[in-house]
Amino acid sequence: MNLRLLQKHWNFFGKSDPLWAVLTHPEKRNAGWNTEEFFQTGVSEVNAALDYTESIHPLPSKKRALDFGCGVGRLTQALALQFDRVYGVDISRTMIEHARAYNKHGSRCEYLHNERSDLSILAGSRFDFIYSNITLQHMPPRYSKRYLLEFLRLLSPDGVLLFQLPSRRSGRFASIRSLPRRIYHHVLYPSAPFMDMRGIRKEKVVRLLTEHGGKVLDLISDRSGGPEWDGFRYLVARASPTPLVPPTTRITD
């Protein structure tokens, strides 16, 4: 799957059932989310994420935050309650349009449509907090790795990154590969969008970050990818005060 196909699928989700596409609770399908309830989940999540982050790495500044994979702005708006300015980035133009329509914080929330495999639309060393949850898991590793290095480039010297990513399939699902499932889906339902799931082994993530100037402050188990995936939540800072990775860096699987 390339970025263009990924974008096509998420534009479809944004048009058909955008809130459920962000939080796929079975009982909330087909416009089942109450909007106020939906956005309150973002407030609760961000509060918990920042409490955890600052218990390990207190933030000396809360000027700018980045919500990567912002969807309709569920977490972006919640971050705006604690930061001076928040940027929400998403590959789906449809999701960005929804986010702007739902926005209650005016210019404090800026939503950016990004179709590139980098984040060159944003200047480096500016963000005090970068957060990404249930987003990187939906893209091929060659893209999620690239974005991880971009996050390091964007962090301010004292900033911190918190992201979630599945590691590997677990239990009775451990021997099942996702490629056949994607093939079957495209054969049986060629016009239907597909919410893909991908992971990167924990050891590879840690090595990638540390080899490119990051410092992993903490690792905790995370099952946001679903019961068939072991995953982790990574808290990361920059080990160097200088910009780390230019947007032209090449990453492969």
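This is a predicted model: local features need pLDDT of at least 70, side-chain atom pairs count only at pLDDT 80 or more; totals for chains, interfaces and linings use all residues.
A residue is called buried if its relative accessible area is under 20%, exposed if that area is over 50%, and partly exposed in between, using a 1.4 Å probe and protein chains only. Residues are numbered from 1 along each chain as its sequence is written, and side-chain values use heavy atoms, with hydrogens and water left out.

**Aromatic pairs**

Rings of Phe, Tyr and Trp (its six-membered ring) pair if their centres lie within 6.5 Å; planes under 30 degrees apart count as stacked, over 60 as edge-to-face and the rest as tilted. The count by this rule is 12 aromatic pairs. F38 and F39 form an edge-to-face pair, because their planes stand at 85° with the ring centres 5.2 Å apart. F129 and Y131, in contrast, are stacked, with 6.0 Å from centre to centre and 15° between the planes. The members of these two pairs are listed below.

| Residue | Relative accessible area | Class |
|---|---|---|
| F38 | 0% | buried |
| F39 | 13% | buried |
| F129 | 0% | buried |
| Y131 | 1% | buried |

F38 and F39 also belong to one aromatic cluster with W33 and Y102.

**Charges over rings**

A charge sits over a ring if NZ of Lys or CZ of Arg is within 6 Å of the ring centre and within 35 degrees of the ring normal. The charged end of K28 lies over the ring of W33, 5.0 Å from its centre. For K62, the charged end sits over the ring of F83, at 5.9 Å from the centre.
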